[in-house]
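Keep the viewer open as you read.

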Amino acid sequence: MEIAEPKLAKELLYIEDFATAILRYLEEETPLTAVRCGGVRADGGDFSGLDLRTSIMENSAFRNCSFENASFTDVVFQSCDFSNSDFSGAFFERCRWSDCKCVGANWNDSVLRQTVFEQTLLSYSSFDQTRITDVRFHRVDFTEGSLSEAKLKNFSVTESRLIKNNFFRTLLAGVNLTTDELAGPIVSSTAEELKGVVITPFQAADLIGLWGILVDRG
């Protein structure tokens, strides 16, 4: 599956005080474009409605921040900490998350297109009711994360940890999980969410326990 890379501006304006600089753009409701911010510490900040384009956010911490209804287009997130931050209702297109920490983050009811999460901590995070198109999880830790009632199209997961995830009412048909660590998924009583998913025989032996069947590994 080919996923488009973020289209970054050729020249980026470096912003040192992101929290202060962004206030004007939020008040005027205008997009912030072609910037590079690093070393930001904005724990608990309110950036709801932010419209960020063709930019890079790196080596920064935005823990417990609100990005509700924000929009990110052609943005690279590199080595950032967004733990327990709120992206509900947000929009992402051609974005890349690399080596980030997003433990307990909330992406509920958001839209993700042409986006990659790689080597990123997504444990305890929630993507409930998200609309996901052309998105890849690569080497992510999604332990006890939730992906319930989501709409998936061209979604791939490789070399990742999928432990005790909530997939209730999310159809995983066609998703290849053979390179992932998969255990204890939460699904409906009929396990319809797993119909058509691609797994290994070893993974199947564990999942068959969902129906109360025991496998003699002899």
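**Starting from Asp74**

Set aside the neighbours within four places in sequence, and Asp74 is in contact with Glu5, Pro6, Lys7, Leu8, Arg53, Thr54, Ser55, Glu93, Arg94 and Cys95 (contact means heavy atoms within 4.5 Å). Asp74 sits in strand S5; strands here are DSSP runs of E with at least two residues, helices are runs of H or I with at least four, and both are numbered from the N terminus. Its relative accessibility is 6%, so Asp74 counts as buried. The cut-offs are under 20% relative accessible area for buried, over 50% for exposed and partly exposed in between, using a 1.4 Å probe and protein chains only.

A word on ground rules: this is a predicted model, where local features need pLDDT of at least 70 and side-chain atom pairs count only at pLDDT 80 or more, while totals for chains, interfaces and linings use all residues. Residues are numbered from 1 along each chain as its sequence is written, and side-chain values use heavy atoms, with hydrogens and water left out.

Now hop to Gly89, in the loop between S5 and S6. At 28% relative accessibility, Gly89 counts as partly exposed. Beyond four places in sequence, Gly89 is in contact with Asn69, Asn108, Asp109 and Ser110.

What holds the middle of the picture? In soluble globular proteins, nonpolar side chains tend to be buried together. Here the largest nonpolar core has 54 residues, and Phe18, Phe72 and Trp97 touch the most other members. Such a core is a set of buried Ala, Val, Leu, Ile, Met, Phe, Trp, Tyr and Cys residues joined through side-chain atoms within 4.5 Å. Elements that each supply at least two residues of this core include helix H1 (18-28), strand S5 (71-78) and strand S6 (91-98). Not counting residues up to four places away, Trp97 touches Phe77, Phe82, Phe87 and Trp107, among others.

Zoom out, and the chain has 2 helices and 11 strands, running β-α-β-β-β-β-β-β-β-β-β-β-α from the N terminus. Among contacts between residues at least 6 apart in sequence, 11% join residues at least 24 apart. The C-alpha trace spans about 65 × 30 × 25 Å along its principal axes. Buried residues make up 49% of the 218 residues.
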